[in-house]
Amino acid sequence: MRLVVDLNRCQGYAQCAFLAPDVFAMHGDESLLYNPQAAAEQRENVERAVAACPVGAILLELTDEDRAEMVAPDAVAGAGSGGAR
């Protein structure tokens, strides 16, 4: 997963730092520090942080490896159903 933050758009609301403190941090009142190569185990927190940004300054790019680790909802729903009733 790769993160890009438009620092010109960022207004320092710090929602990202609150939701994913291992990835985002405020330096002073207006400067955002972040890890552009966040660990895979931080994905859920990062997704929440992206969604919570009031100005849409955070872009999350998932790699093919990230997508391969995601489970399709249809696969989970059909698991163990046996198919016949």
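**Before you click.** The model is predicted, so local features are kept at pLDDT of at least 70 and side-chain atom pairs at pLDDT 80 or more, while totals for chains, interfaces and linings use all residues. Residues are numbered from 1 along each chain as its sequence is written, and side-chain values use heavy atoms, with hydrogens and water left out.

**Stop 1: R2 and E61.** Select these two side chains and you will find a salt bridge, 2.9 Å from N to O. The term stands for a side-chain nitrogen of Lys or Arg within 4 Å of a carboxyl oxygen of Asp or Glu. R2 sits in strand 1 and E61 in strand 4 (residues 58–61), so the bridge ties together parts 59 residues apart in sequence. Strands here are DSSP runs of E with at least two residues, helices are runs of H or I with at least four, and both are numbered from the N terminus. R2 is partly exposed at 38% relative accessibility, and E61 is partly exposed at 32% (buried is under 20% relative accessible area, exposed over 50%, partly exposed in between, with a 1.4 Å probe and protein chains only).

**Stop 2: helix 2.** How many salt bridges are there by this rule? The count is three, so move on to helix 2 (residues 43–52), where R43 and E47 lie four residues apart, about one turn of the helix. Their side chains meet at 3.3 Å, N to O. E44 and R48 are also in helix 2 and four residues apart, with a salt bridge of 2.6 Å, N to O. E44 is partly exposed at 48%, as is R48 at 44%.

**Stop 3: F24 and Y34.** Show the rings of F24 and Y34: their centres are 6.3 Å apart and their planes at 25 degrees, so the pair is stacked. Rings of Phe, Tyr and Trp (its six-membered ring) pair with centres within 6.5 Å; planes under 30 degrees apart are stacked, over 60 edge-to-face, the rest tilted. F24 belongs to strand 2 (residues 24–27) and Y34 to strand 3 (residues 31–34). F24 is buried at 1%, whereas Y34 is partly exposed at 26%.

**Stop 4: A14.** Finish in the loop between strand 1 (2–5) and helix 1 (15–19), the place of A14. A14 is not a glycine, yet has a positive phi of about 70 degrees. A14 is partly exposed, with 26% relative accessible area.
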